[in-house]
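Here are my notes on this model, written for someone who likes the cut-offs spelled out. Have a look at the structure first, then read on.

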Amino acid sequence: MPEYSNYVSHLECGLTGESDYKPATLHGLSRAGRPLLVRYDLEAMRSKLDRNEIWARPGGFWKWRELLPVQKSENVIALGEDDTPLITCPTLARDLGVSGEIIIKDEGRLPTGSFKARGLALAVSMAKELGLKSLAMPTNGNAGSAMAAYATRAGMESYIFCPDDTPDVNVQEIALQGGKVWRVNGLINDCGKIVGEGKEAMGWFDLSTLKEPYRIEGKKTMGLELAAQLGWDVPDVIFYPTGGGTGLIGMWKAFAEMEALGWIGSRRPRMVAVQATGCAPIVKAYEDGERHAELWQDAHTCASGIRVPVAVGDFLILDAVRESGGFAIAVDDDKIEAARLEIGAAEGVLVCPEGAATYAAYKQALKDGRVGATDRVVLFNCGNGLKYDMPDIAASLNRHEPINYNDLKK
């Protein structure tokens, strides 16, 4: 891999704006206990970078190297990343009676089968560049798999803690990809406490969502890639499954950086944070007019990836939603499961529950008028549907006598 110019200027606190955090230095949270954001010399980049030349490069999200913090190519940890497709859904649009495009961005095509590969590839690569040897994180499943894979590839130890009801497939894939994994009697925030309390005793670095600066940078590549795929334009609305919210925050950051570079105009998509009714702290804070969300009690949903009772970057999620003219919305589990079936039957696309939640939210928002029938919407499917339990709906004939083919038409 060739070397690329690095334009990181500094890091700043996402809450206070305090900007005296040096690049190429190990950072966790800011002194205010909030996420740090990487800043770039965008003026210098504007005169030197051509968006189309960058977009023509191979390498998936690694093609955006000048807009990423990794300085040396020897520290880039790659597992065969590629751009994820945009899948139009004309049958769903027809059935709903809308003229606007419904587009699924299928992040399940990435290594380890989820969009977590973007953030963890960047975080692990930066960990390597900064000389770390041992990493730890809490996970609801997919993030742990991604960290285990990239950490193993980088020759690092990974310690991963997940709720006790995490699907077996996630726990097993973490272990198979070299991670040390434990089930915890609690939710992801309880797992996070173990990681935080074990730092001194174990010497690991905490790679929890937004507790270090670089997972955002990986997730922002979704925004860069989406704009390029749409001919350097943005959709009217983005529906994003929101737990910790790193991707929503990252995309909002990407759109601002692209405008500063002259790659896109000032128009922005309306950002919609999608949660489940059983765990909707961001939705409650949005509806209450608050900038910070309270801990959600008794969190539960079939979409475990968005079962995050409290997010350290809550204010960044809510800022992006409000600045964009978007909203936060919660959907019931039964609607999530119905949406998963509907998408598969209509379009042949197998989505994860979190991805299905975005379609359920779109239908709900369409009905109540928060989105229009002419809007071009992008729904983020964040994981490969094959990694999740599926309902037993397959029609079968378990018999040995001759088949009556007329029965198959029923």
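The points below go from the overall fold to the pocket, then to one helix and a few backbone details.

1. Ground rules. This is a predicted model, with local features needing pLDDT of at least 70 and side-chain atom pairs counting only at pLDDT 80 or more, while totals for chains, interfaces and linings use all residues. Numbering starts from 1 along each chain as its sequence is written, and side-chain values use heavy atoms, with hydrogens and water left out.

2. Overall size. Along the principal axes, the C-alpha atoms fill a box of roughly 70 × 50 × 45 Å.

3. Fold and burial. There are 15 helices and 12 strands, taken as DSSP runs (H or I, at least four residues; E, at least two) numbered from the N terminus. Of the 410 residues, 57% are buried, meaning under 20% relative accessible area with a 1.4 Å probe and protein chains only; exposed is over 50%, and partly exposed is in between.

4. The largest pocket. Its space is about 660 Å³, the volume being that filled by probe spheres set on grid points joined across faces, edges and corners. A pocket here is an open set of points on a 1 Å grid over the protein atoms alone, where a 1.4 Å probe fits, with protein on both sides within 12 Å along at least five of seven lines; lining residues have an atom within 4 Å of a point. Of the 40 lining residues, Asn140, Ile188, Thr209, Gly244 and Val308 are closest to the centre. Helix α7 gives the largest share of the lining, 5 residues.

5. Helix α13. Which part of residues 314-323 is covered? Most of this helix: 8 of its 10 residues are buried, among them Phe315, Leu316 and Ile317, but also Asp314 and Asp319. The buried residues of α13 pack against β2, α11, β10, α12 and β11, with contact meaning heavy atoms within 4.5 Å. Just after α13, Gly325 takes a positive phi of about 80 degrees.

6. Backbone checks. Ala24, in the loop between β1 and β2, has a positive phi of about 55 degrees although it is not a glycine. Asp298 also has a positive phi of about 55 degrees without being a glycine. Asp298 lies in the loop between α12 and α13 and is exposed, with a relative accessible area of 62%.
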